[in-house]
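Q: I am new to this structure and would like to learn how to read it. Could you walk me through it step by step?

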Amino acid sequence: MIEQLPVLVIVIPLMAAPLFVLIGNRKLVLLLTQLVCWTVFGITVSLLSRMQYGPISYELGGWPSPYGIVYNVDYLSAFVMLFVSGLGAIVITYAPKSIDKEVHHSKHTLFYASYLLCMTGLLGMCITGDLFNVFVFLEISSLSSYALISLGKTRRAPLAALHYLIIGTVGATFFLIGIGLLYQMTGTLNMADIASRLQAVESSRTMLVAFAFMTVGLFIKMAVFPLHTWLPNAYTYAPSVVTCFIAATATKVSVYAFIRLIYVIFTPQFAFERLPLDSALMAFSLVGIFVASAAAIYQTNIKRLLAYSSVAQIGYMLLGISMSNVGGLTAGITHMFNHALIKGGLFMVVGCFALRIGSLKLEDLRGAGKTMPLTSFAWVVGGLGLIGVPMTAGFVSKWLLLTSALSLELWPVAVLMLLSSLLAVVYIWRVVEILYFSPASHLAKTAKEAPMAMLIPTYIVIGSTIVFGCWTVYSAGIAHAAAESLLGITQMGGVQ
Amino acid sequence: MTPENLIWIAMLLPLVAIVLVFIIGEKSPNIRESCTIGIAVTLFWVTTRLAGFVFSGGRPSFKMGEMLPGFEIAFTVEPLGMLFALVASGLWILTTVYAIGYMRGHHEKNQTRFYACFASAIFAALAAAFAANLFTLFVAYELMTISTYPLVTHHGDEKAKKGGRIYLGILLSTSVAFFMLAIAWTWTVAGTLDFTPGGILAQPNIDGKISDFQLSVLLGLFAFGIGKAAIMPFHRWLPAAMVAPTPVSALLHAVAVVKVGVFSILKVSIYIFGIDLISETRLGEGANPIMMSDWLCYLAGATILLASLVAMTKDNLKARLAYSTISQLAYITLGAALATSDSVIGGGMHIAMHAVGKITLFFCAGAIYVGAHKTNISDMRGLGRAMPLTMGAFLLATLSIIGLPPGGGAWSKWFLALGTVQTGHFWLLAALMISSLLNIAYLIPIPIRAFMTPAGEAPMKFKEAPMMCVVPLCITAVGSVALFFFGNEIYDVLLPIATSAR
C-alpha cells in the first residue's frame, strides 16, 4: 500500500471526479470531495516525510524507465504537491457557504468534479517524470479551470474564461511544440533520459527553438509580465472559491514546471550561459513587479487588486530562480510556498467580504472594519505578510532573496526589489484605510461578520503565514534541500 | 532566578499583559488596568534584578532559535540595552497610571485595544534593548512600528488617518529601503550580525571586502534607515504621530519608539562598526582627511539647530515638544557619530536623561489638555495659578532638557560637548551651545508666562487635572532632577560599552 502512494495521489481524485458527477447529490458530493481532498493531503504529507530516505521513483504499470511513464517524488515535487493539496483541502472546507451564494445549485456537482480534476492536473504536473505527461496534466488542470472560472455569477465570467482559454491554449500549444521538437532530437519523453541525451545535441538550433517554445508557453501559464493579460479578468470574475484555489496554486505549479525545465531537463548552463535567459528573466521580473504593483494601486475592485499583485509576486519567484545558485533558488521556492499561503489567505478574506457585503468594489467595503472586525483583521495580517514585515512569511522570502542577491553582488536587483516592496505597502494600506477609517457604506453598515465555517479556515491559512514567518524549518528548510538536490543533479550529470 | 531566565521572563510579561487585557476587555476596566499596572511593576522589578547582574559585569544571553537558516533570534544584555530597558519599564508604570487618568478623563473609546497595543510596544522595546544581533533588532524594530500604528491612529478620524499614513509611510519605507539593505550588506561582508564589542566591520575593512568610502555609505544607510532616530530629512513622522492620545506621545514618542531609534544607532556605531573604526577611518587625501562619519556629525548638528528653530515657531504645545524631541534625538546620533568614548557614553546617558525629562513635559501637556482643555501655548497665560503642580513640574523638566544643573540633562550634554572638543569639531560645540540657548527660548517662557499673570486679569481658580495624571508627572519631574545626582553612577555603568572596544 505504502509504495502505491505516488500513484494514489493522482488516481484517487481523478477517479472520484466522474464518479461524483454520477452520484449527483450535492450535499453528499460536497462531503466526499472534502474527504478526497484531505486524503490526498494526507498522502502528500506522508510522501514528503519519506523524502529523508531519498527520492521515490514509481514505475507506472511496472514498465521500466525510460519505456514506461515514471512518477518521481523528490523534495521539490513533494513540497509543491504538499501545499497544492493542502490549500486545495482547506479551500474546499471553506467553500460551501461561498459556493451556495455564488454558483447556481444545479452546477454544484459539476463544480466539485472540476475542482478535483483541476487539483489532479496540478498534482500530476508535479509528480510525473514524463514530459508528454506534463502536457496532459497541464491541459487537465487548464480545461477544468476554464470551466470553473466560467461558473462565476456575472456574465463577464464566461468571457473571462474564454479569454483565458484562448491565451492558455496558445501557451499549452507552444509547450507541446517544444516537446515535439525535443522528442524529435532525443527520441524519448522521459525527463531524465532527455537530460542525459541532450548534451550531444545541445548546440543545435532545434534545441534553442524547443527551449524557447517551452519557456514562452510556461510564461503564459505563469502570467509573467507582459504575458499576464488573461489573469486579472480570470481571477476577478471567477467564483471566490475558485480564485482562492487557482491563485494560490496554479501559477506556482507552472513555475515548478519551469524550474524542472531549466534545472532537470536542460541545464542552468544552457539556459543562463548559452542563452542570456537569466538577465532577461531579471529584467522581465523587475519590470513586471513594478508595473503590476503600480497597476494594483489604481484598482477599484479588491479582487483585481490582488490579481495584479499576483502578477507582481511571480516576478519575485522568477528573480530567485534566475540567480541559479542555492540561495536564490531557495528564495524562489520558499516564495512559491509563502505566497501560496498569503495570497490564498487574502483571497479567502475577499471571499468572506463577497459573501456578506455582496460587492467587491473598494467603495462598498468602506467601514467594513466595524461590522466585520475579524475578517478585516485577517486582511491586515495577510497584507503585512504580502508587504514582507518581519515575523510574517513574506519577510522570510524577501530576506532570502535579498541576501542571495547581495552575495552575487547584484546591487541594482537588491535595491529595486526592496523599493518595489514599498509599492505593496501602498496598495495593501489603501484597503486598510478604507476598511477602518472611512465612513461606512450602506452595504458595509448592514453587513454581518462572516460565518465561523469560513473564518476558521481563513484564520488557519492566515495564521500559518505568521507561523512560517517565525519558524522556517519546514518552509525555507525544505526549499533549501530541494534547491541543493536540483543543483546537485545537474552537477552529477557532469555538465560542469 | 538566573539572569538568563530573567531575560525571557521580562519579555514574556508584556505578552501576558496583552492576553489579560484582551480577556478582561471593556467589561471591567478597573481590573484590566490593575492587571497592566501589576505586570508593569513586576516587569520593573525583574529588570532591576537583571540590571544588578548586568551592571556588575554579567552578560547574560538567551537564544530563542533560528528564525531563518543562519539568522538567529537571540538576546544578550549589555549595559546600554539594560539602561534603556530600565527606563522603558520604569516609565511604563507611571504612564499606565497617567493613562488611566487621561483616557477616562477624556472618555476615549477602544481602551482595550489601546492598552494591548501599548503592552506590545513595550515588548518590542524590550526585545530591541536585549537584542544580541542586528537581525533580532530589526525584527523588534519593525514590530514596534506596526504595533504603534493603531495607537497613532487611535481616534480613527481623517486627521488620524493622515498622521498614520505619514508615520507608517516614513518608518516602513526607510527601514525597508535602507535599514534592511544595510543589514544584508553587513552580513554579506562580515558573515555575522552579532553585536560584538569592538565591532565586526574592522576585519572586512582590512581584508578589502569593504572600502573606507563604502563604510561611510553603509553608515549612511544605517543612519537614514533607522528612521525612528528622526534625523532630518526623515523626521516628519514624529510631529505627525502627535495626533495620538497624549500618553502615547509621552511614552512612545518621547521614550520607547524614538529611543529604539537612537539606541539602534548607538548599537550599530559601538558594536557593528566599533568606535575605533569610525574615528580612525579617514576619507580623502592630503593634510586634513575627514572622519568617515563627519557628514553625519554635521547633519546631526544641523538637525539639532533646525529642529530647535522650528520648535520656536510652533504654538501647539505638543508640536513644539515634538520638534524639541527631534532636536534632542540628534544629540544622541551626534554622540554615536563622534565615536569617542565620552561621546557615546554621553549619548547613552542622554537616552535616560531626555526620556525622563521629555515624558514629564508630555505628561504636563496632557494634564493641561484634560484639566484646562488648552493645547496652544498662547492660551496658557496665567495657567500657573490654576495648575501650580503641573507647571512647576514643567519648569523642573525644562531644566533637564536645556541641560542646566540641577537637571539630569546637564551631564549628558557635558559629555557630548567633551566629545566635540576631543575630535576638534568646534563648530558642533557652538551648535550645541546655541541649541541650549534656543531650548531656553522656546521652553522657559511657557512656565514663566503661566506663573506671571499680568496684573488686572482675574486669577484663575485652582483646578488641576485628575490625581492619576498629576502624581505621575510630579514623580518624573522629581526624577529628572534626581538623575543629576546619579550622573556619576550612570557614567560608571556605561563605561564598559566604551572601554570594551579598546
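Predicted model: local features only at pLDDT ≥ 70, side-chain atom pairs only at ≥ 80, totals over all residues.

Q: What radius of gyration does chain A have, and what would a compact globule have?

A: The general idea is to compare a chain with a compact globule of its length. For 496 residues that rule gives a radius of gyration near 23 Å, and chain A has 21 Å, which agrees. Its C-alpha trace spans about 70 × 55 × 40 Å along the principal axes.

Q: How many of the residues in chain A are buried?

A: Buried residues account for 63% of the 496 in chain A.

Q: Which residues touch the most other members of the largest nonpolar core?

A: In soluble globular proteins, nonpolar side chains tend to be buried together. Here the largest nonpolar core has 419 residues, and those touching the most other members are Ile149(A), Ala88(B), Ala125(B), Leu126(B) and Ala128(B). Leaving aside residues up to four places away in sequence, Ala128(B) touches several residues, including Leu137(B), Met144(B) and Phe263(B).

Q: How many residues of each chain are in contact with the other chain?

A: Interface size is often given as the accessible area lost when the parts come together. Counting residues instead, 21 of chain B are in contact with 27 of chain A. On the chain B side, β1 (61-68), α5 (134-152) and α6 (158-190) each supply at least two residues, with the largest share, twelve residues, coming from α6(B). By class, that side has 16 nonpolar, three polar and two charged residues.

Definitions and conventions
Residues numbered from 1 in each chain as written. Chains lettered and ligands numbered in written order. Contact = placed C-beta atoms within 7 Å. Helix = DSSP H or I, 4+ residues; strand = E, 2+ residues; numbered from the N terminus. Nonpolar A, V, L, I, M, F, W, Y, C, P; charged D, E, K, R; others polar. Core = buried A, V, L, I, M, F, W, Y, C linked by C-beta atoms within 7 Å. Buried ≥ 20, exposed ≤ 12 C-beta atoms within 10 Å, placed from the backbone. Rg over C-alpha atoms; globule rule 2.2 N^0.38 Å.
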